[in-house]
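Welcome! Here is a friendly briefing to read alongside the sequence and the 3D view. Please have a look at both before reading on.

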Amino acid sequence: MSGNEWTSTSMPYLTPRASGTTDAWSEEARAAGRSGSQRIVHAGKVPAPAAVALLLRLPEGDPVVVRRRIIELDDEPNELTDTYYPADIASDTPLAAKEKIRGGAVTLLATLGHVGVRVVEDVTARMPRAEEREQLRLGSGEPVLQLTRTTYDTADRPVQADVMVMPASRQQLRYEIRIG
């Protein structure tokens, strides 16, 4: 892979982190000798879009909390991530605010009693929408990968749904699965 590409793994983003630590993305990029940051462009309640409502097992249009972020690698846009939470879990918490969450959202969810124990991820390739093309600084004809991740707690309740869009030519997804 060239210097502008990134291999993404899911595991660092699925488990709570120690108190006072930085977020998983910044730490993973730093370990690779790179700089990882994120800009939160929106946080708050929105009506659940149909696809998100399905993932979170909610009626379409029910309120959810979303955090919209532009994930950057070496100060360049690397991924667009919208993370959705059921409103009864995330309203009136730092998840509904634009400030960064020390240790990350998964750590905060765990302190709220929602520890992820199962994750379902779906990856698709598609052409970007105009806004995505602009935000990711893509040329015409460049496809994106869309990774949709749903995290379930011990009661098998979906507590988080992520929709991540990344340039296909700059990404490699790696999965490590333990069996038994």
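In what order do the elements of the chain run from the N terminus on? They run β-α-β-α-β-β-α-α-β-α-β-β-β, which amounts to five helices and eight strands. Helices (H or I, at least four residues) and strands (E, at least two) are DSSP runs, numbered from the N terminus. This is a predicted model, in which local features need pLDDT of at least 70 and side-chain atom pairs count only at pLDDT 80 or more, while totals for chains, interfaces and linings use all residues. Residues are numbered from 1 along each chain as its sequence is written, and side-chain values use heavy atoms, with hydrogens and water left out.

**The chain as a whole**

- Of the 180 residues of the chain, 47% count as buried; buried means under 20% relative accessible area, exposed over 50%, and partly exposed in between (1.4 Å probe, protein chains only).
- Among contacts in the chain with a separation of 6 or more, 61% come from residues 24 or more positions apart; a contact means heavy atoms within 4.5 Å.

**The sheet**

- Six strands form an open sheet in the order E2-E3-E4-E7-E6-E5, with antiparallel pairing; two strands pair if DSSP finds at least two bridges between them.
- Its edge strands are E2 (36–47) and E5 (118–126), each of which pairs on one side only.
- On average, neighbouring strands of this sheet are turned by 15 degrees against each other, direction ignored; the axes are lines fitted to C-alpha atoms, for helices over the stretch in contact, and angles run from 0 to 180 degrees between N-to-C directions.

**Strand E4 and its neighbours**

- Strand E4 covers residues 76–86, and ten of its eleven residues are buried.
- Ten bridges link E4 to strand E3 (residues 63–73) in the antiparallel sense.
- E3 and E4 form a hairpin with two residues between them, and Asp74 in the turn has a positive phi of about 55 degrees.
- E4 also runs antiparallel to E7, joined by five bridges, with Leu80 opposite Val165 in E7.

**Asp82 in strand E4**

- Asp82 is placed in strand E4, and its side chain makes a polar contact of 3.1 Å with that of Arg68.
- A polar contact is a pair of N or O atoms within 3.5 Å; within protein, one must be able to donate a hydrogen and the other to accept it, and residues adjacent in sequence count only if both atoms are side-chain atoms.
- Leaving aside residues up to four places away in sequence, Asp82 touches residues including Val66, Arg67, Ala161 and Asp162.

**Arg170, a buried charge**

- Arg170 sits in the loop between strand E7 (158–167) and strand E8 (171–174).
- Arg170 is buried yet has no salt bridge, and the nearest side chain of opposite charge, Glu142, is 5.0 Å away.
- A salt bridge is a side-chain nitrogen of Lys or Arg within 4 Å of a carboxyl oxygen of Asp or Glu; Lys and Arg count as positive and Asp and Glu as negative, with His and the chain ends not counted.
- A polar atom of the Arg170 side chain lies 3.0 Å from the backbone oxygen of Pro77.

**Positive phi in two loops**

- Arg137, in the loop between helix H5 (130–136) and strand E6 (144–152), has a positive phi near 55 degrees.
- Asp156, in the loop between E6 and E7, has a positive phi near 60 degrees.
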